[in-house]
Amino acid sequence: MKSKITDEINRITEVLKNNQSSDGSWDYPFETGVSTDAYMIILLRTLEINDEKLIQALVERILSRQEKNGSWKLFYDEKDGNVTATIEAYYALLYSGYRNKGDKELAAARRRILAWGGIEKSHMLAKIMLALTGQYKWPTFFPIPIEFILLPLSFPINFFNFSVYGRANIAPMLILADQKFTMKTKRSPDLSDLFLARGNDAENDEFFLNRSGESHSFYSFIQQGIKNIIGFPAYIHSMAIQQTKKYILDRIEPDGTFYNYFSSTFLMIFSLLALGFPKNDPIITKAVDGLKGMACQIDGHTHMQYTTANVWNTSLINYALQRADISWDDPMVQQANDYLLSRQHYRYGDWAIHNPTENPGGWGFSDRNTMNPDIDDTTASLRSITNLIQNETVYRQAWDRGIDWIFSMQNYDGGWASFEKNVDKKIVKFIPIEGAEYLLTDPSTADLTGRTLEFYGNFTNLFKKHTAIKNGVNWLKNNQEKNGSWYGRWGICYIYGTWAALTGMISTGVDTEDSSVQKSLKWLRNIQNPDGGWGESCYSDINQTYTPLGVSTLTHTAWALDSLIAASDKVTPEILSGVKFLLDTSDKKDWTLSYPVGQGMAGGFYIHYHSYRYIYPLLALSHYRNKFLE
């Protein structure tokens with residue numbers, strides 16, 4: 001078996017070597033379905049930017065992803081398709097001008113939309129897009145008044161209690177909802193036939209969903225707070241608009257995008273139009289160019305990425321290569337580390353609001369991210385440059401800055417979040433915004449906490465009984481599921497969280513006989529498939545409980561296998577079966593290779609990382625070889 005493992009490690013290494021970009025990074029696609037493709041068509045047509053080559057390419061990709069029943073799906077086993085994705089695709093195809101309602105593809109999509117209950121059943125974010133392009137009426141009620149942005153940090157709830165990715169989307173929404181902005185063109189299609197009984201009447205429609213008593217209480221609480229602190233004169237309203245605009249403009253990245261997210265940049269462009277910016281304003285045209293720069297090619301089709309994943313891909317791949325015994329002075333590794341060094345942040349971002357005494361030192365996710373670092377990318381980048389810090393002063397300095405930043409970002413509850421510190425107020429979840437728990441909060445999570453602990457345990461000299469480690473381990477133990485698993489916020493889902501938590505605890509000295517470890521190992525063994533692999537459905541995320549996929553995937557298998565290897569002193573039958581699955585199926589080409597194993601919002605946003613099929617099998621096989629075969 002050792003020779004087979006070595007052959008597979010060498011094969012993956014060669015693939016990665018051939019796929020490295022000239023700047024040292026790996027730019028594997030960050031694939032998220034068809035929504036961004038659809039929104040790009042809608043944006044270009046609304047701005048009357050007639051980039052026909054791009055629009056035609058996006059039309060082709062959208063059509064290539066349509067199911068036989070007329071729908072579009074977010075993931076392979078989504079039963080009948082996804083209503084929101086189908087509405088977005090249908091709208092974009094019509095607006096493109098290259099398809100019309102009489103086409104069989106669109107007729108089938110329309111039947112599916114009406115069978116689901118019509119356009120009213122779409123997600124809140126899609127309704128906002130439809131409203132600002134003239135296809136849906138703005139509601140009279142918006143859950144957050146624009147004056148909310150003026151509330152001070154001392155107020156019990158304020159704008160900076162939202163997550164940074166929540167703020168990036170909410171800020172332009174505040175302007176759009178306040179202005180009730182709508183823009184149509186001569187090309188705008190008519191979607192009125194997608195409404196059912198109530199017609200295009202958002203005032204009677206549950207636009208935001210979950211408009212419970214608690215949500216109205218929240219709204220009243222905010223209104224009263226604004227009135228008590230700053231009153232309601234007209235100039236306050238104008239001040240709020242200006243402050244919101246300033247928030248957005250101050251956070252535009254060098255490529256013109258707003259935080260380098262597709263959705264926030266899309267909304268920013270429309271919010272600037274609402275404030276009177278012309279369509280050809282340099283800020284808007286540069287933002288459009290920035291979005292165009294996120295286009296990639298997948299299977300011969302053009303896809304608009306939600307963001308780029310170069311830093312994430314590069315840090316993970318470069319570390320995996322070094323674990324596979326590729327020397328730190330190999331040109332491939334050196335180029336990757338030089339790239340990562342160039343992407344460390346020197347700008348203060350919003351993270352400093354809740355952590356004001358620390359200097360910048362983190363890394364962001366995308367190639368063009370300069371002010372929005374995150375915990376995951378920082379620990380991943382630090383892992384990658386570890387072997388250089390003893391002999392290279394510039395890397396030692398980067399390491400020290402990164403370590404200090406990570407250390408300062410631990411939450412009061414002992415865990416780590418993704419982007420910011422202590423941004424998890426329960427009251428935020430009462431806001432009647434669909435997916436508020438995912439969009440507006442940035443809580444401690446098992447995946448971030450586990451991987452940060454794993455970094456501390458394996459890459460630093462931090463004493464195992466250090467308070468930071470003890471608090472992190474305690475957070476994990478207190479947040480373990482009853483069945484022994486952990487929920488992973490940014491992956492699919494319980495296998496992902498369990499892998500991160502287990503490897504993190506074990507690396508920081510938690511005994512493998514500890515009851516929490518044993519309980520999780522039992523759970524992993526119980527969900528192993530007969531073929532030796534593991535596979536988890538995106539429905540786990542929606543159902544909030546582990547849901548098997550029914551088949552095994554390379555990535556889920558690698559995560560589970562890596563967990564068992566870390567917790568075992570000897571080779572077990574489950575480990576052998578997992579290794580065999582990775583070796584026997586490494587060259588298979590079926591739908592499991594493109595199954596999403598990342599997520600951004602339950603039920604709405606799933607990610608297929610094209611790099612993961614190489615990274616995690618390479619790590620697991622290297623760990624197996626290094627621990628049991630040498």
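Let me start with a lysine: lysine 79 lies over the face of tyrosine 539, and the distance to the ring centre is 5.5 Å. Keep in mind that this is a predicted model. There is a second case, with lysine 73 placed over the face of tyrosine 76, at 5.9 Å from the ring centre.

The structure holds 44 aromatic pairs. Take phenylalanine 419 and tryptophan 490: their planes are at 80° and their ring centres 6.4 Å apart, so this pair is edge-to-face. Phenylalanine 419 sits in the loop between helix H15 (393-408) and helix H16 (436-439), and tryptophan 490 in the loop between helix H18 (467-478) and helix H19 (494-507), so the pair ties together parts 71 residues apart in sequence. Both phenylalanine 419 and tryptophan 490 are buried.

My next pair is tryptophan 499 with tryptophan 559. Here the planes are at 20° and the centres 5.9 Å apart, so the pair is stacked. Tryptophan 499 belongs to helix H19 and tryptophan 559 to helix H22 (residues 554-567), which makes this a link between distant parts of the chain, 60 residues apart. Are these two buried or exposed? Tryptophan 499 is buried, because its relative accessible area is 7%, under the 20% limit. For tryptophan 559 the value is 0%, so that residue is buried too. Both belong to a cluster linked by ring pairs, whose members include Phe30, Trp312 and Tyr616.

Tyr616 brings me to the core. The largest nonpolar core has 209 residues, and Met40, Phe159, Ile269 and Tyr616 touch the most other members. Leaving out residues up to four places away in sequence, isoleucine 269 touches Leu43, Leu47, Ile284, Ala287, Val288 and Leu291.

Conventions. Residues numbered from 1 in each chain as written. Predicted model: local features only at pLDDT ≥ 70, side-chain atom pairs only at ≥ 80, totals over all residues. Heavy atoms only, no water. Core = buried A, V, L, I, M, F, W, Y, C linked by side-chain atoms within 4.5 Å. Buried < 20%, exposed > 50% of the residue type's maximum accessible area, 1.4 Å probe, protein only. Contact = heavy atoms within 4.5 Å. Phe/Tyr/Trp six-rings, centres within 6.5 Å; stacked < 30°, edge-to-face > 60°. Helix = DSSP H or I, 4+ residues; strand = E, 2+ residues; numbered from the N terminus. Lys NZ or Arg CZ within 6 Å of the ring centre and 35° of its normal.
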